[in-house]
Amino acid sequence: MAQGIPNEVMVNTALTKELADVAKDAALLQGVLMRIQETPNSSEVVTYAPFTLFPTPVPKAAFLQALAVQTHFNALVDKISQDPDFLRDALASTIAVDDFTARLYRIHQQILKEGRSQSIMLGLNRSDYMLDQKEDGTSSLKQIEINTFAASFGGLSSRSPDVHRHILKVAGLLEESQRILDNNPTAGLAGAVAKAWELYGSERAVVMFLVEESQRNIFDQRYIENELWKRDIPSIRKQFDDVCKTGSLDQDKRLFVDGLEVAVVYFRNGYMPQNYVSEQTWDARLLMERSLAVKCPDIATHLAGTKKVQQVLARPGVLEKFFPDQPQVVEQIRATFAGLYTLDMGPEGDKTVAMALAAPDQFVLKPQREGGGNNIYGSQICQVLEELKESTERMAYILMDKIHPNPAQNYLLRRDTPLQISNCLSELGVFGAYVRKGKDMVMNECVGHLLRTKSSEQSDGGVAAGVAVLDNPLLV
C-alpha cells in the first residue's frame, strides 16, 4: 500500500532546511498568500500563508467518503433553510439565552412575515472532519461542523497542490509528488456564484463581496473574485458601513449600493457578534435580506449552520424527516456524526452536564459561534458547567464527543518561526456548492477539498486564527 513521506527525509535536518526555503519561494510563486500588517503604524506586507512542509497522509477510503456525502449535506442545508417550523423548534432554547442567535432569528422572522423576495438560493458550504482513532486501531470519519457562512480557503487551497508537488520533486520523491491531487475549489465556488448571477438576469448588476475593513485573508477571496471577472461578471468589495451609507431598495426591492445594482451578496463578514458594531449594521443586514439580491447565505441558511441545529440533526428520526424515502442518504450522513448532546433544561440536559463533568477530556463544549477559537476543552468545561449547570445560560452551548485523530509528524512553516518537527493533527474540509431556483436544484456539486494541520498541543482554532496551517492530503 502507498505510504507517506519516508522517515529518512523527515528527519534529515539539512534537507528539510533546504526544502523549507524552496517551499516558501514556491508558495509565493504559486500565490499561496496572506496580507499582514506588522505594526499598527507600518505598511501592509504580503507573505506566504502558513503551510506544512510535506503533505499529510490521509486514508483514501475516508477521503472519498467525505467527498461522496457532500452533495447530501448541500441538500440537507437547503432543506433546513426552507423549513421554518424546524428552525423555530430547533433554536427555541438557544434564542432564549443567546442574544446573537436571537437577533439573527428575528431577521428571519421578519423575512418570513414579509415573504421572501428572491426564489434563487446560493449555498457555498464547507463540511469539516477529523479521523477518529478507536482503541482497537480502526478509524472513522467524524464531522466537526458544517460551515454555511463565509467558508474560507477555497482560493488558497486551489493554489497549494503545486507547492507540495514541487517540494516532493526537489526532495527526490517523484512518485509521491504524482499522488498530490488536483484541487480547484475556486472554479467550483465561482461557478455557483456565476450561475446565481446569471439567473438573476441583469448584466449590469454586480456581485458584492461583503468584507471586513481589515482583511488578512484577502487573496483567498481575490481568487474567486478574479474567476468571476474572467467570466465578465463585475464584482465589488464593500463593507457594512458602505451598505449603511449608500444602500437602498427600489420599489421592486432591487438592492443598490453606491449606485450599483447588486445581483448577489456574497457574505465574507457577518458571522460573529463583533461584526455588528452598531444598530445601523444590523439594519444593513436586514436591508440586504429583504432585497431581491441573491444572498450567500441568506438568513435561513445562516441559521441552518448553527451548532444547535447540528446537535438536533443527530437526534433519532430527524434526518429521516428531510430524506423520507432515501435511507441510504440518511445512513451516509449519519455515519459521519459524532455524539452530540443537548444542554437544554430538563433531565436530558442534566444528564449531559453530569456526563461532561465526569469525563471532561472526552468532550468539547461548543457555543453558537463561528470563526475558530471559541470551543472549550478539558478542565475549562468543568469550570463553565459548574457555574452554569443550574442556569438557563447553559442552553447557549451544546456538547460533542471529542474526536481523537492519530498524530503525524510534519513541519509547520510560518513566517519568522523556527523550523522544527511537530506532532500534528489534521482536519479535512470538503467544499460544496449549490444553486436552487424555486423548487428546481440547478446545481449541486462537491467542488474541492481543504486540509488544515496544527500542532497536537493546540486544541482549537483555524488558519485565520493563527493556529492551523494549510496542507494537502497524500492519499494512502
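1. In this predicted model, helix H3 (60-81), S6 and helix H14 (307-313) each supply at least two residues of the lining of the second largest cavity. That cavity has a volume of about 120 Å³, and of the 16 residues that line it, Gln143, Ile146, Ala304, Gln310 and Leu313 lie nearest its centre. By class, its lining divides into nine nonpolar, four polar and three charged residues.

2. The structure holds three cavities of 30 Å³ or more, and the largest cavity contains about 150 Å³ of space. Its lining is made up of 16 residues, with Tyr271, His302, Gly305, Thr306 and Glu370 nearest the centre. Helix H5 (99-114), S6 and helix H13 (299-304) each give at least two residues to this lining, the largest share, three residues, coming from H5. The lining of the largest cavity has six nonpolar, seven polar and three charged residues.

3. Turning to open spaces, the second largest pocket has a volume of about 480 Å³ and is lined by 25 residues, of which Pro57, Val58, Pro59, Leu131 and Asn406 lie nearest its centre. Strand S4 (56-58), strand S5 (120-133), strand S6 (139-147) and strand S18 (421-437) are the elements that give two or more residues to its lining, and S18 provides the largest share, five residues. The lining of this pocket divides into 17 nonpolar residues, seven polar and one charged.

4. Helix H17 (residues 347-358) has 12 residues, which at 1.5 Å a residue should span 16 Å, and this agrees with the 16 Å between its end C-alpha atoms. Within H17, Gly349, Thr352, Val353 and Ala356 are buried; because they cover an arc of only 100° around the axis, they lie on the same side of H17. An α-helix has 3.6 residues a turn, so residues three or four places apart point the same way. The buried residues of H17 are covered by elements including strand S13 (340-341), strand S14 (363-367), helix H18 (379-388) and strand S16 (397-401), whereas the face turned away from the buried side carries the exposed residues Pro347, Lys351 and Ala358.

5. Methionine 10, found in helix H1 (residues 7-10), has a relative accessibility of 7% and therefore counts as buried, the cut-off being under 20%. Leaving aside neighbours within four places in sequence, methionine 10 is in contact with Ile5, Thr16, Phe54, Gln409, Asn410, Tyr411 and Ile421. Although methionine 10 and tyrosine 411 are 401 residues apart along the chain, their C-alpha atoms are separated by 8.7 Å.

Terms used
Residues are numbered from 1 along each chain as its sequence is written. This is a predicted model: local features need pLDDT of at least 70, side-chain atom pairs count only at pLDDT 80 or more; totals for chains, interfaces and linings use all residues. Side-chain values use heavy atoms; hydrogens and water are left out. Helices (H or I, at least four residues) and strands (E, at least two) are DSSP runs, numbered from the N terminus. The expected span of a helix is 1.5 Å times one less than its number of residues. Buried means under 20% relative accessible area, exposed over 50%, partly exposed in between (1.4 Å probe, protein chains only). The arc is that of the directions from the helix axis to the C-beta atoms. Contact means heavy atoms within 4.5 Å. On a 1 Å grid over the protein atoms alone, a cavity is a set of points where a 1.4 Å probe fits but cannot get out, and a pocket is an open set with protein on both sides within 12 Å along at least five of seven lines; lining residues have an atom within 4 Å of a point. Grid points are joined across faces, edges and corners, and a volume is the space filled by probe spheres set on the points. Ala, Val, Leu, Ile, Met, Phe, Trp, Tyr, Cys and Pro count as nonpolar, Asp, Glu, Lys and Arg as charged, and the others, Gly among them, as polar.
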